[in-house]
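Hi,

Here is the structure I promised to pass on.

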Amino acid sequence: MNFDHEPADILARLDQLRLADAPTHGGRVLSYVYDSGLAELDELAASAIRAVQPVNGLDPTTFTSVAVMEREVVEFARNLLGGDEDVVGTVTTGGTESCLLAVKTARDVWRGSGSTARTGTPRLLAPVTVHAAFQKAAHYFGLELDLVPVGPGGEVAASDLIARLADDVAIVVVSAPSYAHAAMDPVVEVAAAAAEQGIACHVDACIGGWVLPFWEDVEPWNFTVTGVTSISADLHKFGYAPKGASVLLQRDRDRQRAQYFATTRWPGYPIVNPTILGSKSAGPLAAAWAIIQALGTSGLAELAQSCARSTRAVRDVVDGIDGLRIVGDPVGPLVAVSADETVPAGRRVDAHHWADQVRAHGFLLQLQPSLVQSDGTVLPATTHLTITPVTESVLGELSTAMRSAAEEVRGLPAVSVENVLATLPAEAVAALGNPDAGPLDSATAAGLLGALGLGSASEGLPERMAPLLALIAALPAPLTERLLTELLARLIEPRN
Ligand SMILES: *Cc1c(COP(=O)(O)O)cnc(C)c1O
């Protein structure tokens, strides 16, 4: 066969495209990537993926290797997370899919069937800090979203959640810990109250699941807690697997069967799926399975200890910077940093200017917008750091970057949305200020993006993110969501 392009040229172009990506290794990006720092694990994962490259994970009866690997991963996770023989599970393609399926299961159990079937709209109850995947789940599966305000450190009062438990609640979700602030939710109290009323209680341990078992001084949060009905734990985070792998464990076989979709009512092969996809890669499963076996609990523990040392060090650096503070009482290898409002404005360090400046020093931190809660209280703008084993190899440089950046932006006031708007053409400001004008069409949305300096010509993140985050926090959410949709959609529109 004569190829249109030579494989070597195609791969050379891919290499070049990859050069523009944020670096996935080396500890320079403190979100998105979870680098064990062990090159041999990456090699093992790559070989495992290659070994199953042509396999269809859709059907574990035809490709029996899939069933064996999945069973062994679930078994490992069940033992790690305190489950007994009543706990069963599934490997999914990621945290979002695990969360979606936990909600779908609970919804279908809530509805019931036959003469006792419930109608009406079930409710998903959670602290506002619950991962956005649960907003997506409520949206996809038709649940009412009931988000409870949290305290300034991202902590939720158990009583605030428990007070809202009622017959229409299909599922209450708590996090171990939350992504934005690393807050440990009150799992024991909430799960007990939910169990009393027969309500499902999901523990979202997508980020904590594979590292908290090895963390010190953590309140109980796993299947040893009465009333916990399901737990999500991402293999592609602190299981160090390549993207596309998470586990959803569920207590009680009978409940878990509601996770499945099965139909024989079409002329093709019977469909029996515990997960959302049909045909799917077995690659991430094989990689995660291989990594688990290589590391075992002792390897995972060793890597967690490295994360713990680096997290301690990062916290000490922030504590030592006048004008910045760690938000709340974080548990696990992640922290949120915000301006310290207790010092005079001239000494404060705005968290977003700081993140932009740290980036200029070679480290990519994640900016999180401020949020007005339903009770009117405001969660401050923060900057997020996820610490991984590789962080230890760059701790010196990272500490210097954090300290220098703070010196460089200390006293600089937070970007005000008025200042951002002042740089825009009058028509753009008028359009932004008029959210009642109805849904934006694509052309208008694109025009607004252009006026904001985020036109289709730009690729990648702007150099300074603080102004964008100020807009995200200040504009009406439906408008920002529409604009960001346009931004992402235009990114992949054909160019010629
Ligand atoms: C990452 C994360 C998710 C979503 O996981 P994805 O793998 O990104 O889909 C859900 N909950 C928490 C707490 C997370 O950290």
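By contact I mean heavy atoms within 4.5 Å. With that cut-off, 72% of the contacts in the protein chain between residues at least 6 apart in sequence join residues at least 24 apart.

Before going on, the provenance: this is a predicted model, where local features need pLDDT of at least 70, side-chain atom pairs count only at pLDDT 80 or more, and totals for chains, interfaces and linings use all residues. Residues are numbered from 1 along each chain as its sequence is written, and side-chain values use heavy atoms, with hydrogens and water left out.

Overall shape

Along its principal axes, the C-alpha trace spans about 65 × 60 × 50 Å. In secondary structure, the protein chain has 16 helices and 15 strands, taken as DSSP runs numbered from the N terminus (helices are H or I, at least four residues; strands are E, at least two).

Inside

Buried residues make up 49% of the 496 residues. Here buried means under 20% relative accessible area, exposed over 50% and partly exposed in between (1.4 Å probe, protein chains only). A nonpolar core is a set of buried Ala, Val, Leu, Ile, Met, Phe, Trp, Tyr and Cys residues joined through side-chain atoms within 4.5 Å. The largest one has 75 residues, and Val203, Trp210, Trp221 and Leu235 touch the most other members. Helix 9 (residues 283-319) gives this core its largest share, 13 residues. There is also a second, separate core of 44 residues, with Leu30, Val318, Ile326 and Ala355 among them.

Two other residues

Lys104 sits in helix 4 (residues 95-111) and is buried, at a relative accessible area of 14%. Beyond four places in sequence, Lys104 is in contact with Phe141, Ala258, Gln259 and Tyr260.

Val33 is in the loop between helix 1 (7-19) and helix 2 (39-51). With neighbours within four places left aside, Val33 is in contact with Thr24, Lys243 and Thr388. Val33 and Ile171 are 138 residues apart in sequence and 30 Å apart in space, C-alpha to C-alpha.

Cheers
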